[in-house]
Structure formats: structure tokens, C-alpha cells
Amino acid sequence: MKSERVRSFDPIGPDELKMIEKIFRSELQFRALPLKSEEAQVLAAKLIEAYQSGIRDTTDLAAAAKRC
């Protein structure tokens with residue numbers, strides 16, 4: 001039986017947005033990517049998708065960023 005994550009389309013609050021941004025900027029720095037690059041856009045979208053799929057822990061979200 002395949003497990004499915006339930007997507008949450010609740011608004012992302014300021015604290016959650018700060019968490020996602022911190023992980024995003026850290027990963028950009030690690031990869032030496034410019035903020036306004038196609039790769040950065042993809043990473044941002046993947047982080048938001050991971051958050052909406054239920055990954056809410058900072059450590060797990062950072063690990064998801066590394067897999068992008």
C-alpha cells in the first residue's frame with residue numbers, strides 16, 4: 001500500500017516563511033547560486049512544495065533542500 005502525504009494549502013505564516021527563507025538562503029550560499037537564478041527559483045518552489053506536503057521540521061526541510 002502506497003502512503004500519500006496530504007498537501008496543506010493553508011497560508012504560510014510569517015514564522016514559517018522566515019524558516020523557509022533561512023533554509024533557502026543557506027542552501028543558495030552553500031551552492032554558490034545567485035538569488036535571481038533559475039536554479040534558485042526551482043529550489044524555492046521545491047522548498048515550498050516540501051513544506052506544503054507536510055515537512056514542517058527545520059532539519060527535515062533542510063534535508064529536503066539538499067536533495068533538490
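**Reading a helical model**

Mentor: Glu27 counts as buried because its relative accessibility is 4%, and buried means under 20%. Please keep in mind that this is a predicted model.

Trainee: In which helix does Glu27 lie, and with which side chain does its own side chain make a polar contact?

Mentor: Glu27 belongs to helix 1, which covers residues 14-31. Its side chain makes a polar contact with the side chain of Lys66, at 2.9 Å. Leaving aside neighbours within four places in sequence, Glu27 is in contact with Leu43, Ala65 and Lys66.

Trainee: Which residues of helix 3 are buried?

Mentor: In helix 3 (residues 58-67), the buried residues are Leu61, Ala64 and Ala65. Viewed down the helix axis, these buried residues fall within an arc of 105 degrees, so they line one face of helix 3. They pack against helix 1 and helix 2 (38-52). The face turned away from the buried side carries the exposed residues Thr59 and Arg67.

Trainee: Which residue caps the N-terminal end of helix 3?

Mentor: That residue is Asp57: one of its side-chain oxygens lies 3.0 Å from the backbone nitrogen of Thr59.

Trainee: Is Ala32 buried or exposed, and where does it lie?

Mentor: Ala32 lies in the loop between helix 1 and helix 2. Its relative accessible area is 65%, so Ala32 is exposed. The phi angle of Ala32 is near 55 degrees, a positive value in a residue other than glycine.

Note on methods: Residues numbered from 1 in each chain as written. Predicted model: local features only at pLDDT ≥ 70, side-chain atom pairs only at ≥ 80, totals over all residues. Heavy atoms only, no water. Helix = DSSP H or I, 4+ residues; strand = E, 2+ residues; numbered from the N terminus. Buried < 20%, exposed > 50% of the residue type's maximum accessible area, 1.4 Å probe, protein only. Polar contact = N/O pair within 3.5 Å; in protein donor to acceptor, adjacent residues only side chain to side chain. Contact = heavy atoms within 4.5 Å. Arc of directions from axis to C-beta.
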